[in-house]
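Hello,

The structure we spoke about is below, for you to open and look through. My notes on it follow.

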Amino acid sequence: MHSNTMTRPQGSAARELGLKRGEFDLAVRLGRIRTVAAPDGGRRRVPREEIDRIREAEGFPDTLREQVRVVGTAQGAEIMDIPPTRFTRLARAGMLTPVTFYLNRYRAVVWLYPAQELKEFADSEVNAPLLTGRAPDKMRARIAAGEDRRPRTWRARHAGYLLGQCGGPWERAAAIATLLDPTQLAELVESPYERAHLHRLRPEERWYGAPESPTARVVERILVADDPGEISWLRANLLLSLDEARRREPAPRPAAPQPPPEVAREPQGTLAPEPAPAEPTRSLWGRLLGRRG
């Protein structure tokens, strides 16, 4: 376990590395900055040696900033030296993986991609046929069917990030649960105590928006899996994580109600009042118990 003296809060680490908060978050998502669980269970922290490692790397800080630079369709097409229409087709077909997104003023989803990954994709000889000439038949079929794999490829990356932050099977199950529809989750996890435990362990997501807000509803549609193959994979992994979690430690249950305090005894030398005659009908407590049964 890392003590607070050996780790730094994420905000302090971002300042030491010369990154804006959004750049820092992307660096963590892309695996460029390692974080560890906080001893008190709060927000994850950055080891001191990790900060030193990055600062001592050749080309710091420019190299780090380039690693976390993200671009949209127009800039991405320019980096790959292809028309924006072809870039969009590649992304919709699942060939390019977004790392994040935002909603513009019209609440339309704008996908962003790591610039470095796009450059590497374009530089690979294997991908040369995708950048010029006729697209492969399979890719053309997906596009013709109106398929858009950008949410799915983003979820795959997001799932990898979430699972990489988990410290145990309950945390892994909670991470997977965020990608499943609540109806499916209730079907797979029948115990209300387990569902409540998974909800408490849900990964923190600051970009999600206020609950029930228009932004939250759009993000929810992106976050929840809708592809049958993807859903099958998530369900299987959730069940495996739950099985391991239950063997290690059952989900906590609410504490049993404490018995009422004993009635203080009457001081010696005084007479206790006569008990009132019993009610012919059930007492209030009895009626409540009867109603509850």
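The element that gives the most to the lining of the largest pocket is α2, with six residues. This is a predicted model, so please read everything here as computed from it. α2 covers residues 21-29, and it is among the elements that each supply at least two residues of that lining. The others are β4 (100-103), α10 (150-164), α11 (169-177) and α14 (214-223).

The largest pocket holds about 1,100 Å³ of space. Its lining is made of 38 residues, and the closest to the centre are Arg43, Arg44, Tyr161, Pro203 and Glu204. By type, the lining residues are 20 nonpolar, nine polar and nine charged.

Next, a helix pair. Two packed helices are described by the angle between their axes and the distance between the axes. For α11 and α13 (residues 192-200), the angle is about 85° and the axes are 8 Å apart. Angles from 65 to 115 degrees count as roughly perpendicular, and α11 and α13 are therefore roughly perpendicular to each other. On the α11 side the contact is made by Trp170, Ala173 and Ala174, and on the α13 side by Glu194, His197 and Leu198. Four of these contact residues are nonpolar, one is polar and one is charged.

Two glutamates are also worth a look.

Glutamate 171 is in helix α11, which is also one of the elements that supply the pocket lining. Apart from neighbours within four places in sequence, glutamate 171 is in contact with Cys166 and Leu201. Glutamate 171 and alanine 245 are 74 residues apart in sequence, and their C-alpha atoms are 9.0 Å apart in space.

Glutamate 230 is in helix α15, which runs over residues 228-248. The relative accessibility of glutamate 230 is 11%, and the limit for buried is under 20%, so glutamate 230 counts as buried. With neighbours within four places in sequence left aside, glutamate 230 is in contact with Arg152, Arg155 and Ala225.

When you open the model, you could start with α2 at the largest pocket, go on to the crossing of α11 and α13, and end with glutamate 230 in α15.

Regards

Conventions. Residues numbered from 1 in each chain as written. Predicted model: local features only at pLDDT ≥ 70, side-chain atom pairs only at ≥ 80, totals over all residues. Heavy atoms only, no water. 1 Å grid on protein atoms, 1.4 Å probe; cavity = no way out; pocket = protein on both sides within 12 Å on 5 of 7 lines; lining within 4 Å. Points joined across faces, edges and corners; volume = space filled by probe spheres on them. Helix = DSSP H or I, 4+ residues; strand = E, 2+ residues; numbered from the N terminus. Nonpolar A, V, L, I, M, F, W, Y, C, P; charged D, E, K, R; others polar. Axes fitted to C-alpha atoms, helices over the stretch in contact; angles between N-to-C directions. Parallel < 35°, antiparallel > 145°, perpendicular 65-115°, else oblique. Contact = heavy atoms within 4.5 Å. Buried < 20%, exposed > 50% of the residue type's maximum accessible area, 1.4 Å probe, protein only.
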